[in-house]
Amino acid sequence: MIETKDLTKRYGDFTAVSNLSLRVEKGEIYGFLGPNGAGKTTTIMMLLGILKPTEGSVQLFGESLDNDYFNIKRRIGVLSENQYFYEDLTAKEYLKFFGELYKVENVERRIDEVMGLVNLAKRKNELLKGYSKGMKQKLGLARALLHDPDVLILDEPVSSLDPYGIKEVRDILMEENRKGKTMFISSHILSEIERTCHRVGIMNRGQLLAEDSMSELKRRLMDEVQLFVELEEATDTILKSLKSLPFVVSLDVTHNQLMLKTAADKDYRGQLSSAITQAGGVVIDLRRHEMSLEEAFVTITEKNLSLLTKEGPAA
Amino acid sequence: MSISFRAHAVRVAAKRELRSTLYGVGLYAALAVIFLASGYFFVNSSIRSALDAGVLALQNPITEPFFFSVGLAATYLGLCSALSVSRDRDQGTLEVLFYGPVDTISYLMAKFFHQLLAFVVVLAFAIVNFYVISLITNLGFTADFVGFLVLSLFLTSCMVSFGIFLSVITRRMMASVIAFLALVLFFLGFSVAHTIVMSLPGESMTPLLVYVRVIIDNMNSVMQWISPLSYFSRGMTAVFMKDFGQYALSLFSSVVYTGILFSLSVAIFKKKGVRR
């Protein structure tokens, strides 16, 4: 649905985006991450044809925008980071204008639908100059959904929303994805990306450093696995037995709670559990500590770590 | 295919802009000022000077003030055009439009037709206004009126394309307004200066003044093609002289002028992009 090949944007000596090649499949939710100035918005603007790439190409639905500009644009819904509106219009008039522009059938009914979806149905006849930042963001989403596009390109879709608004938008996006919409989401709110996206791409200094599913990305970042074990009683026999295991790298004990580090080559939880039982211990809790997307993001961007080769982390 | 999509985008965008103009107060306030100014011009310049001179018959008693007001209205719409693109860019609404099925040509054409349609509304008000004046004063319209009417549309097209061009090349609203007003005043001032210099008797001139006069005259021949106002004055002269060939030529040159400025606007807009 979305494909870029060696996409590059230069401003004089400064390279905002360098040789970006990515591919978003149909029905996928792709999270596009990166610190400020990483080149995310520049990439989105090139996807939309608003910025011309210095080099490389963009294909949407297998076509270049130059070949079928109007048809491609009709199949995309966009929500930008900053919301810009005609403040002299009401929300309904605003959506009606875009509905006509996109040739939406039964536009009045569709406006009611999308305004209901973003929980603004009661405010549809109010002038936009009276709308709060969060309301404007939701109205922007309503505009992006109005023509029922195949692809949604969303730049910071929940940045101005309160927790209720964030949940509302997340539910809408998940529902739209269930209906088959492909999504390309750029966001700083990593917990939201972690909850909604199937795959993520991490940009830093104009380069795509990592692109994979969340679990695979974390797996490749972790050379050791942390395991939390809670025992009925942490006896010396048990601790001695655990320390003797070859895959245990380190062991910290706090009362009856243990924090173990093991090699990341495989899952050792089974072996650990049976070693404890054989030493006469009783396991109350045994959990693997998962790396959060935030930790993965910080690790990759701070070290500018490229994970694009499948062999594993390489600086 | 893309032509029909483009035409649709032009129609929808121009309709929204026109609606915004018609529901706003700006156009009506400008018309009120223009009609007052033309009324003042009508009484002071035409009627009073005719009475003072003992003239009993005027060639174009209503048409001249009518065109004075229409010319001012066209300039007002030129100013609005000069604001249009830079305002959208300033407010960020330009970018949002381009997320959707709008391209440079359809966007600028919508701006152009919006102002032209607004001018049709202005013409309707002007016709009613001067028809009432005609009834009150018993001064009639002449046969040239229709010729002036058509000409006014072409003048407005020049003014609007000139305004859009300035709006495309400037980034900020204030810069657009200043550029438009400064250039219109410069064109007017230059035209007046040219008329004065050319009317001076040649035999009493010093060699330096003769040299200056030649330079101004040469500059004027260039200015004739740059200034949108000169297309109007050429057309008006043709109507007064009842020279149909010159009249048709002035309409044609207005179309060429509009086309060139529009093409330049499209090229510059594409180069500058839509971002703030």
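The contact between the two chains takes 20 residues from chain B and 19 residues from chain A, where two residues are in contact if their C-beta atoms, placed from the backbone, lie within 7 Å. The model is predicted, so that local features need pLDDT of at least 70 and side-chain atom pairs count only at pLDDT 80 or more, whereas totals for chains, interfaces and linings use all residues. Residues are numbered from 1 along each chain as its sequence is written, and chains are lettered from A in the order in which they are written.

On the side of chain B that touches chain A, the elements that give two or more residues are α1 (2–23) and α4 (93–99) of chain B. Helices (H or I, at least four residues) and strands (E, at least two) are DSSP runs, numbered from the N terminus. The largest share of this side, seven residues, is supplied by α1(B). By class, the side holds eight nonpolar, eight polar and four charged residues; Ala, Val, Leu, Ile, Met, Phe, Trp, Tyr, Cys and Pro count as nonpolar, Asp, Glu, Lys and Arg as charged, and the others, Gly among them, as polar.

In chain A, six strands form an open sheet of mixed pairing, in the order β5-β6-β7-β3-β8-β9. Two strands pair if DSSP finds at least two bridges between them. The edge strands are β5 (76–79) and β9 (207–213) of chain A, each of which pairs on one side only. Within the sheet, β3 (residues 29–33) and β7 (residues 182–186) of chain A are paired in the parallel sense over four bridges, and Gly31(A) stands opposite Ile185(A) in β7(A). Helix α1 (residues 40–47) of chain A packs on this sheet, touching β3, β6 (151–155), β7 and β8 (199–204) of chain A, and its direction makes about 150° with that of β6(A). Axes are lines fitted to C-alpha atoms, for helices over the stretch in contact, and angles run from 0 to 180 degrees between N-to-C directions. Helix α5 (residues 133–145) of chain A also packs on the sheet, touching β5 and β6 of chain A, at about 170° to the direction of β5(A).

A further open sheet of chain A has four strands in the order β11-β12-β10-β13, with antiparallel pairing. Because β11 (248–254) and β13 (283–289) of chain A stand at the edges with a single partner strand each, one side of each is left without a neighbour in the sheet. Strand β10 (residues 224–231) of chain A pairs with β13(A) in the antiparallel sense over six bridges, and Leu227(A) stands opposite Arg288(A) in β13(A).
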